[in-house]
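Here are my notes for you to read alongside the model.

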Amino acid sequence: MAVDSSSTPSQPPGSVRVPSTAERSLIDLTKRYDIILGSSSKWRRTVLEASGCRCVDVISPDIDEKSIRGSTPLETTYKITEEKADAIMDRIGDKGWTGLLVCSDQVSVCDGECREKPETVEEARRFIHSYTDEGLPVSTVSTMVVVDIETGRRAYGNHEATVRFAPIPPAVVDRLVEPGYPIYTCSGGFSIDDPIMGQYCTSVEGGVDAVMGMPLGLLEKLIVEYTATSGSLLLRCRAGLEKILAGEVNALLAPLKKRNKGTGGTGGLVVISNSGEVEFRWPTPEAVELLSQKCRVAQSISQRVAPGSSPSSPAYFPCTSLDELIDRLGTGPLSEVLRERKAFISRVTSDDSKLDGGPAVVHKLNAALALTTEVTNGAPVMIDVSDDMCSVEYIRRDESTTRPWLDDSPPTVTVEEKPLRQPSWSTIGPGTSPSPRRRPHRQPYRGVIPPPTVAAAAVLKTSILSILSRTPANRAATEDVLVWDPFCGQGTLMLEFASVVLGVPLSAATEVKATPHANAHRLQFIATDPLEENVTAARTNLAKFSTYCQPWFPPRSMTNARNSSPSAAPHYGGRKIKRDALRHEEVDSNVSAEDELLSQAEASSSPARPVGSDPRSFSTDEDKSWNLPIRFSINQAPFHSVLPHIQGPMIITHIHSQRFATHQGIKMFQTFGHLVGSRNDWAGVYVLTDSKAFQTYSRLVWETQFEIQTSSDSKMRLLRWTGLRRGEAAATSSVKQSR
């Protein structure tokens with residue numbers, strides 16, 4: 001018996017469409033910024049959640065959309081989107097919220113008719129009939145706005161998608177138009193993810209997410225446009241230092257904001273935009289110059305160039321081929337900018353684009369610029385291509401920025417090892433120890449300071465300035481703030497720290513002035529190292545630093561009011577120290593009879609001072625000749641000979657694993673931990689190190705301030721001593737548990 005095929009239900013020709021996972025770049029953006037969805041539509045939130053994007057809150061705008069109309073579908077969606085954003089911002093704008101508000105509206109267009117959500121069964125049936133029986137395509141027109149809640153800045157965009165349906169049987173249509181069915185909440189009265197109607201959807205052009213009212217591609221583009229503001233400064237640093245860099249930028253801008261209050265300040269916001277990148281949006285020219293000269297944690301600083309004539313033009317512009325980029329660079333506003341700055345292309349970076357990076361591309365772009373703008377050399381420009389978008393950055397400071405005061409001369413190789421010559425004043429300590437031997441000379445920094453050292457100086461600046469700002473309770477007590485680096489090496493950390501405290505620009509050819517702290521004269525650096533070649537290099541670098549600072553600190557008499565004259569010999573605890581004791585000449589460690597008589601005479605004429613009461617005792621006449629607000633004293637001595645004679649300093653030093661990777665290094669770690677842990681008068685103990693052995697054998701409890709991955713198996717950490725030794729920490733923990 002034959003079966004009537006017309007009575008057998010046929011398989012629907014289409015398939016149910018669901019939103020796919022968003023691009024990884026968009027997911028990262030929604031993790032970086034707090035996204036607040038301004039919509040009453042459950043479909044938009046469904047798309048965000050299904051795509052993996054983070055949405056921290058949903059707020060309904062509660063407006064009458066029916067009363068808002070425009071002359072075209074696009075104008076209608078724009079007005080409704082704008083009204084939604086205004087309504088929500090009126091409610092949350094003054095609550096101190098931060099993040100990005102995303103509002104969107106959508107209408108459907110079929111055969112020239114603008115359609116919104118159906119209100120009656122007849123209207124819903126008519127909509128479905130036109131899609132299925134008449135075979136007319138339906139298009140969705142969407143408008144989206146991304147609003148910065150803190151500043152109110154907005155970025156608008158539009159998107160269009162097209163959907164086609166196969167004929168739907170009447171029985172199925174009857175089920176779809178039943179009151180309460182989900183199509184009544186959809187613009188145009190259709191749904192491609194509905195388990196029934198979606199089976200008859202045959203094609204979707206423009207994205208499933210766009211048809212459902214949340215075009216993810218447009219959302220990413222608008223967030224990128226918001227974050228990639230033209231004119232913004234991009235400050236790049238080593239990954240892990242973003243917060244330190246942002247803190248340094250805010251600290252540098254604070255005086256400028258205070259001075260320019262009410263006249264525009266310094267610009268806009270400081271945000272951490274990517275790993276190893278901090279962005280300062282809408283900067284003023286004064287702020288750009290200040291950060292370019294004084295921001296030290298940033299390894300490179302560049303500024304985005306707008307391709308459009310308007311300063312508010314987005315920094316990114318479409319670019320899908322090399323020829324298109326050449327045309328864009330050779331004509332229009334970008335050409336004028338590049339010509340004015342005499343710029344040339346120094347680097348092209350591309351990511352998943354048709355524009356390949358490399359010297360060939362750089363050469364071709366420079367050749368094109370030379371023909372169109374007559375530019376062959378000048379300031380460097382970097383072109384960044386991501387997917388089909390491109391940006392141009394004017395490099396204000398590159399990664400090769402050096403410190404002019406660092407010694408960049410070739411190192412002198414030490415052929416033979418000789419016993420260390422200790423200064424005579426080290427015999428004041430409790431006994432003498434065997435003289436350590438010289439180690440092979442380390443390669444100098446060649447004028448470029450490693451990022452961990454720069455970051456350590458930026459972090460510790462806050463601690464030092466807070467101490468300098470305090471007023472001593474006892475006016476009779478010394479007001480000096482003593483900083484000691486027991487392993488100074490070539491003085492890199494000391495000089496970087498001094499340049500930060502003094503606010504010295506990184507280039508002398510600038511109008512930016514040095515801004516020393518008001519109490520910088522109270523600060524004294526004592527740098528010691530057991531190796532003579534390190535002390536010599538440190539003194540050479542300090543002499544260069546002093547010469548470099550002359551435009552801001554002209555030569556003057558450095559006579560201390562508490563000394564009788566600039567040539568007064570340094571004293572310590574009632575004992576006279578020979579003037580050349582802290583220099584490199586050979587001196588007999590035994591005190592002569594003449595010195596003993598002088599010491600007795602001084603002891604009888606003035607009361608004895610407690611040990612460590614006069615930190616100026618480490619400064620010689622030579623140390624007073626650097627013509628700087630800060631006093632320096634660089635000495636050759638092992639740390640254990642100096643430590644007993646210093647009272648209440650802040651220890652800041654750098655211990656490199658390669659320098660102390662010996663058995664003597666482990667003994668040194670143990671001695672250092674014992675001597676430091678035996679006293680509690682330190683203003684702070686900070687050690688920058690990549691040595692795990694130091695943390696183990698010092699037997700002190702350290703707190704990590706920051707850490708940077710320096711190699712695949714090594715991390716550089718800035719450690720702060722908590723004031724506890726290893727055994728004391730365990731005892732304290734057990735007491736707390738017993739309570």
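1. Let me start with Ala-124, whose contacts (heavy atoms within 4.5 Å) beyond four places in sequence are Pro-118, Val-177, Ile-183 and Tyr-184. Ala-124 sits in helix 4, residues 121-132; helices here are DSSP runs of H or I with at least four residues, strands are runs of E with at least two, and both are numbered from the N terminus. With 0% relative accessibility, Ala-124 is buried; buried means under 20% relative accessible area, exposed over 50% and partly exposed in between, using a 1.4 Å probe and protein chains only. Gly-189 is 65 residues away from Ala-124 in sequence, yet their C-alpha atoms are 5.8 Å apart.

2. A word on the ground rules. This is a predicted model, in which local features need pLDDT of at least 70 and side-chain atom pairs count only at pLDDT 80 or more, while totals for chains, interfaces and linings use all residues. Residues are numbered from 1 along each chain as its sequence is written, and side-chain values use heavy atoms, with hydrogens and water left out.

3. For the overall picture, the protein has 20 helices and 24 strands. Of its 739 residues, 50% are buried. Taking the contacts between residues at least 6 apart in sequence, 76% link residues at least 24 apart.

4. Please look next at helix 8 (residues 242-259) and helix 9 (residues 285-294), whose axes come within 10 Å and cross at roughly 140 degrees. Axes are lines fitted to C-alpha atoms, for helices over the stretch in contact, and angles run from 0 to 180 degrees between N-to-C directions. The two helices, helix 8 and helix 9, are therefore oblique to each other; angles under 35 degrees count as roughly parallel, over 145 as roughly antiparallel, 65 to 115 as roughly perpendicular, and the rest as oblique. Their crossing, helix 8 with helix 9, is right-handed, a term used if the near helix is turned clockwise from the far one by less than a right angle, with anticlockwise giving left-handed. Helix 8 brings Glu-248, Val-249, Leu-252, Leu-253, Leu-256 and Arg-259 to the contact, and helix 9 brings Glu-286, Ala-287, Leu-290, Leu-291 and Lys-294. By class, this contact of helix 8 with helix 9 holds 7 nonpolar, no polar and 4 charged residues; Ala, Val, Leu, Ile, Met, Phe, Trp, Tyr, Cys and Pro count as nonpolar, Asp, Glu, Lys and Arg as charged, and the others, Gly among them, as polar.

5. Cys-295 is buried, at a relative accessible area of 0%. Setting aside neighbours within four places, Cys-295 has contacts that include Leu-245, Glu-248, Val-249, Leu-252 and Leu-290, as well as Arg-397 and Leu-506. Its C-alpha lies 9.8 Å from that of Gly-503, although Cys-295 and Gly-503 are 208 residues apart in sequence.

6. How many disulfides are there? The count is 0, where a disulfide is a pair of cysteine sulfur atoms within 2.5 Å. Cys-237 has its closest cysteine sulfur in Cys-295, 8.7 Å away, which is too far for a bond. Cys-237 is buried too, at 9% relative accessibility.

7. Which way do helix 14 and helix 15 run, roughly parallel or roughly antiparallel? Helix 14 (residues 492-502) packs against helix 15 (residues 532-548) at about 20 degrees, with axes 11 Å apart, so helix 14 and helix 15 are roughly parallel. The crossing of helix 14 and helix 15 is right-handed. Leu-495, Ala-498, Ser-499 and Leu-502 of helix 14 meet Asn-541, Leu-542 and Phe-545 of helix 15. By class, the contact of helix 14 with helix 15 has 5 nonpolar, 2 polar and no charged residues.

8. Two backbone spots deserve a glance. Most residues other than glycine have a negative phi. Asp-62, not a glycine, has a positive phi of about 55 degrees; Asp-62 lies in the loop between strand 2 (57-59) and helix 3 (73-92) and is exposed, at 62% relative accessibility. Arg-699 also has a positive phi, near 55 degrees, and is found in the loop between helix 19 (692-697) and strand 23 (700-711).

9. Finally, Tyr-78 lies in helix 3 and is partly exposed, at 33% relative accessible area. Beyond four places in sequence, Tyr-78 touches Thr-143 and Tyr-156.
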